[in-house]
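Student: Hi! I'm new to this one and would like a walk through it. Can we start with the words I'll need?

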Amino acid sequence: MRQMAGSSTAEPPGFFFDLASPAAYLAAERALQVLPGVEWVPVLARDLPGAETYDAFRCAEERDIALAAIERAAAGYGLQALRWPDPFPFDSLFAMHVATYAKQIGRTVAFALAAFRQAFAAGRSLADPENVAIAAAACEMHPAAVLKAADLRGVQDALRAATARATQLGLRDVPAVWTGERVVHGEAQLERAASELVAA
């Protein structure tokens with residue numbers, strides 16, 4: 001588990017995610033139960049200082065081992081068989097702009113779960129705006145509004161600001177939980193983060 005001291009500035013607890021991260025998908029599927037009431041915060045993982053990119057493996061065998069470990073974890077949590085999108089990894093920038101828009105209209109969780117499931121349960125790349133629009137429609141976000149919102153400077157600036165703030169708090173990768181005092185990294189540490197929140 002990677003932990004870093006957080007900023008002293010008051011910041012409410014948060015669950016930080018990027019839709020390109022399969023580990024964040026595993027955490028998201030449990031976060032509603034494990035972290036009830038905690039704000040979900042979309043951030044762009046590629047701009048965090050220690051993010052796993054899933055495209056820097058030394059060989060195909062090393063990559064297969066890493067992906068197989070995620071598949072086993074998904075099975076261990078009782079999730080349906082994980083299906084890898086093609087291509088993987090994919091560029092999540094458009095999808096994360098939509099996630100930021102969803103946050104602005106109060107639909108972060110619904111959209112994030114729908115989008116994660118499109119990517120890692122249905123095996124559809126979120127680099128394709130059509131797949132993102134399908135996820136948006138599943139939580140009653142109009143596709144035309146979604147496409148327009150993703151291009152808005154205010155939405156794009158909000159994602160950059162959230163990512164910069166996450167870095168200030170000490171985030172190195174997603175998924176991560178800010179407990180109000182420190183950052184807890186990794187989907188396997190979700191329950192520990194929840195215990196710290198209760199203790200606080």
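Tutor: Helices (H or I, at least four residues) and strands (E, at least two) are DSSP runs, numbered from the N terminus. This is a predicted model, where local features need pLDDT of at least 70, side-chain atom pairs count only at pLDDT 80 or more, and totals for chains, interfaces and linings use all residues. Residues are numbered from 1 along each chain as its sequence is written, and side-chain values use heavy atoms, with hydrogens and water left out.

Student: Great. Where is Asn131 found?

Tutor: Asn131 sits in helix H5.

Student: Is Asn131 buried or exposed?

Tutor: Asn131 is buried, with a relative accessible area of 11%. Buried means under 20% relative accessible area, exposed over 50%, and partly exposed in between (1.4 Å probe, protein chains only).

Student: What does the side chain of Asn131 reach?

Tutor: The backbone oxygen of Ser125, at 2.8 Å. That is a polar contact: a pair of N or O atoms within 3.5 Å, where within protein one must be able to donate a hydrogen and the other to accept it, and residues adjacent in sequence count only if both atoms are side-chain atoms.

Student: And where is Ser125?

Tutor: Ser125 is in the loop between helix H4 (108–120) and H5. Ser125 counts as buried too, at 8% relative accessibility. Its side chain reaches the backbone nitrogen of Ala127 at 3.1 Å.

Student: Which residues is Ser125 in contact with, leaving aside neighbours within four places in sequence?

Tutor: Pro85, Asp86, Pro87, Phe90 and Asn131. Contact means heavy atoms within 4.5 Å.

Student: New topic: which residues of helix H6 are buried?

Tutor: In H6 (residues 143–150), they are Val146, Ala149 and Ala150. They cover an arc of only 95° around the axis, so they lie on the same side of H6. The arc is that of the directions from the helix axis to the C-beta atoms.

Student: What do the buried residues of H6 pack against?

Tutor: Three helices: H3 (93–104), H5 (129–138) and H7 (153–169).

Student: How about strands? In what sense do E4 and E5 pair?

Tutor: Strand E4 (residues 176–178) and strand E5 (residues 182–185) pair in the antiparallel sense over 3 bridges. Two strands pair if DSSP finds at least two bridges between them. Val177 has Val184 in E5 as its bridge partner, and Val184 is buried, with a relative accessible area of 2%. The hairpin has 3 residues between the strands, and Gly180 there takes a positive phi near 105°.

Student: Which residue other than glycine has a positive phi?

Tutor: Glu140 is one, with phi near 60°. Glu140 is in the loop between H5 and H6 and is exposed, with a relative accessible area of 67%. Most residues other than glycine have a negative phi, and most peptide bonds are trans.

Student: Where are the cis ones, then?

Tutor: A cis peptide bond joins Phe88 and Pro89, with omega about 0°. Another cis bond joins Val174 and Pro175, again with omega about 0°. Pro89 lies in the loop between helix H2 (60–76) and H3, while Pro175 is in the loop between H7 and E4.

Student: Last one: how many aromatic pairs are there?

Tutor: The count comes to 11. Rings of Phe, Tyr and Trp (its six-membered ring) pair if their centres lie within 6.5 Å; planes under 30 degrees apart count as stacked, over 60 as edge-to-face and the rest as tilted. Ring pairs link a cluster that includes Phe15, Trp40, Phe88 and Phe90.
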